[in-house]
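User: I am new to this structure and would like to go through it in questions and answers. Please keep the answers plain.

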Amino acid sequence: MDLSLLVHTCDSYERFWPGMLFSLDFNWDFNSVPVYWASEDINIHNHKFGCKHVPYFPNKTIVPIITGKTDRNGFSTRMRIALEEISTKWVIYIQEDMWLISNLSDKILSDLVSFCDVNNVSSLKIHTKLNYYESYRLEKTNFRINGMNLLKYSDGENYLHSHNATIWNRQYLLEHLVDGEDPWTNEIQGSKRMSSYNNNHYHYNIHWYSQPGVCENGGESRDFFTLAPILDDRMYLKLTYNL
């Protein structure tokens, strides 16, 4: 598959990194889809991680991208720098607080990417459509993947650039990024830029990571306190099983 996974983060959120890394270890096939980790100044392979005082080392195949330190207005600039370091046509964009709770099978990912290729898709969101996503205007389609009908984003103004997990045509996303936007401006203005042209965006309703995330308003959400001890226990067992 011509696909990669980009985890986009900032160094001030490093307290959320272990959970994301642990969840990737348990739920991601690094051999099928390479993982890129875009942080600011901290290279995760040079950073000290631990699990209950046992040293932990991130999967060695994860490719670190150092985007440089910015304030929050540099969010979109750092996203652009990260995307420019990736060569695949398609990229799954997620953030550090979207801890994985299950895996996406190679079959589902392959079918999703094939659909994107055949239909010249701009983006395909891969997350649960929660009831408060009122800005999403979606239409039913007859396209089915793994028994699930895809939805299509309606023409006209739509919330096309949310930061929920999405398979993006990497070049399309780059063409609609503007440097110097904070995360909220990037979503709103990016959606307006994308909505002003003919587009081809779809939605695949699947629950495979914490939504809306383990971070809430800069602090820990309810999911953090639910998932962190589970992931810690699983990783501790993995790290110490043969000791």
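User: Is Arg80 buried, partly exposed or exposed, and what is its relative accessible area?

Analyst: This is a predicted model, in which local features need pLDDT of at least 70 and side-chain atom pairs count only at pLDDT 80 or more, while totals for chains, interfaces and linings use all residues. Residues are numbered from 1 along each chain as its sequence is written, and side-chain values use heavy atoms, with hydrogens and water left out. Buried means under 20% relative accessible area, exposed over 50%, and partly exposed in between, with a 1.4 Å probe and protein chains only. Arg80 is therefore partly exposed, with a relative accessible area of 24%.

User: Which residue forms a salt bridge with Arg80?

Analyst: A salt bridge is a side-chain nitrogen of Lys or Arg within 4 Å of a carboxyl oxygen of Asp or Glu. For Arg80 the N to O distance is 2.8 Å, and the partner is Asp179.

User: Which parts of the chain does the pair of Arg80 and Asp179 tie together?

Analyst: Helices (H or I, at least four residues) and strands (E, at least two) are DSSP runs, numbered from the N terminus. Asp179 is partly exposed, at 40% relative accessibility. The two residues are 99 apart in sequence, so their pair ties together helix H2, which holds Arg80, and the loop between H4 and H5, which holds Asp179.

User: Which residues are linked with Glu40 in a network of salt bridges?

Analyst: Glu40 pairs with Lys69, the closest N and O atoms being 3.2 Å apart. Glu40 also meets the side chain of Arg78 in a salt bridge, at 3.5 Å from N to O. The residues linked with Glu40 in this network are Lys69 and Arg78.

User: Is Glu40 buried or exposed, and at what relative accessibility?

Analyst: Glu40 lies in the loop between E2 and E3. Both Arg78 and Glu40 are buried. For Glu40 the relative accessibility is 2%.

User: How many salt bridges does a search of the whole structure find?

Analyst: Side chains of opposite charge can pair when their charged atoms come close. The pairs found include Glu40 with Lys69 and Arg80 with Asp179. The search of the whole structure finds 9.

User: Which side chain of opposite charge is nearest to Lys152?

Analyst: Lys152 lies in strand E9, residues 148-153. Lys and Arg count as positive and Asp and Glu as negative, while His and the chain ends are not counted. Lys152 is buried yet has no salt bridge, and at 4.4 Å the nearest side chain of opposite charge is Asp155.

User: How many residues of H2 are buried?

Analyst: Among the buried residues of H2 are Phe75, Met79 and Leu83. Contact means heavy atoms within 4.5 Å. The buried residues of H2 pack against E1, E2, E5, E6, H4 and H5. Helix H2 is mostly covered, and the number of its 10 residues that are buried is 7.

User: What is the volume of the largest pocket?

Analyst: On a 1 Å grid over the protein atoms alone, a cavity is a set of points where a 1.4 Å probe fits but cannot get out, and a pocket is an open set with protein on both sides within 12 Å along at least five of seven lines; lining residues have an atom within 4 Å of a point. Grid points are joined across faces, edges and corners, and a volume is the space filled by probe spheres set on the points. For the largest pocket this volume is about 1,100 Å³.

User: Which element supplies the largest share of the lining of the largest pocket?

Analyst: Of the 34 lining residues, Gln95, His163, Pro183, Trp184 and Glu187 are the closest to the centre of the pocket. Helix H2, helix H5 and strand E12 each supply at least two residues of the lining. The largest share, 4 residues, comes from H5.
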